[in-house]
Amino acid sequence: MKVLLLNGSPHKEGCTNRALLEVAGSLKAEGIDTELVHLGNKAIHGCIACGTCREKGACVFEDDPVNEFIEKMKQADGLIVGSPVYYASANGALFSFLDRLFYAGGSNFAHKPGAAIASARRAGTTATLDALNKYFTIAQMPLVSSSYWNMVHGRTPQDVEQDLEGLYTMRTLGKNMAWLLKCIEAGKAAGISLPEKEEKVWTNFIR
């Protein structure tokens, strides 16, 4: 089993990365493989709602890692998205990435556990988590919780090292993710199938 860890910060080895590494260590201790993907600091094109991905199964924009990540997610069993807090929410590049990722590839994510983590100097973490968790819920991904909201605090990775409760929360998140993955695997082995999918009814609020 494998979990993808997405570092949505432009800083490759910043606070968000430090939190994700703590989760990765906990997953590894439980026998779960991980892959840490850094979004980077290049411009990420926003979704233009062209609908092309519905026809070709991939995003029309191929100059950034959205389609590559979709392919990775097809093979993965879980996803954890990490973001720094910008103006009481996730950073803009990550939002652009996730909009296209879930719109173009969300059908490959259903029933795979997901979780978000947020890092902040001080505040805005719960609003960030609320926004990120909506991506998981619309894609039918079970949310993985921890012993507290999934957040760490600090301006630098060294500050995060002092947030002992935050690091504990990250380790607990990793353990809970591993437990849920093993439960899903055991369910499959016992013959429990995925929920039957019925045809969706689209309702537009126009009278």
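Colleague: Is Tyr87 buried or exposed?
Modeller: Residues under 20% relative accessible area are called buried, those over 50% exposed, and those in between partly exposed (1.4 Å probe, protein chains only). Tyr87 has a relative accessibility of 87%, so it counts as exposed.

Colleague: What pLDDT do local features need in this model?
Modeller: Residues are numbered from 1 along each chain as its sequence is written, and side-chain values use heavy atoms, with hydrogens and water left out. The model is predicted: totals for chains, interfaces and linings use all residues, side-chain atom pairs count only at pLDDT 80 or more, and local features need pLDDT of at least 70.

Colleague: Where does Tyr87 lie, between which elements?
Modeller: Helices (H or I, at least four residues) and strands (E, at least two) are DSSP runs, numbered from the N terminus. Tyr87 is not a glycine, yet its phi is positive, about 50°. Its place is the loop between β3 (78-84) and α4 (92-105).

Colleague: What is the phi of Ala88?
Modeller: Ala88 sits in the loop between β3 and α4. With a relative accessible area of 41%, Ala88 is partly exposed. Ala88 is not a glycine either, and its phi is positive at about 65°.

Colleague: Which pattern does the protein follow along the sequence?
Modeller: The secondary structure comes to 7 helices and 5 strands. Read in sequence order, they give β-α-β-α-α-β-α-β-α-β-α-α.

Colleague: What radius of gyration does the globule rule give for 207 residues?
Modeller: The radius is taken over C-alpha atoms, and the rule is 2.2 Å times the number of residues to the power 0.38. The protein has a radius of gyration of 17 Å and is as compact as a globular protein of that length, because this is close to the rule's value of 17 Å.

Colleague: What percentage of the contacts with a separation of 6 or more comes from residues 24 or more positions apart?
Modeller: A contact means heavy atoms within 4.5 Å. Of the contacts with a separation of 6 or more, residues 24 or more positions apart account for 76%.

Colleague: Why is strand β1 described as largely enclosed by the rest of the structure?
Modeller: Strand β1 covers residues 2-7 and is largely enclosed, because the buried ones among its 6 residues number 5.

Colleague: Which residue of β2 is the bridge partner of Val3?
Modeller: Two strands pair if DSSP finds at least two bridges between them. Strands β1 and β2 (residues 33-38) run parallel and are joined by 6 bridges. In β2, Val3 is partnered by Thr34.

Colleague: Which residues are in contact with Thr16, leaving aside neighbours within four places in sequence?
Modeller: Thr16 belongs to helix α1 (residues 15-29). Its relative accessible area is 3%, so Thr16 is buried. With neighbours within four places set aside, its contacts are Asn7, Ser9, Gly82, Ser83, Pro84, Ile117 and Ser119.

Colleague: How many Å separate the C-alpha atoms of Asp163 and Glu199?
Modeller: Asp163 lies in the loop between α6 (157-162) and α7 (164-189), and at 16% relative accessibility it counts as buried. Not counting residues up to four places away in sequence, Asp163 touches Met151, Val152 and His153. Glu199 is 36 residues from Asp163 along the chain, and their C-alpha atoms are separated by 47 Å.
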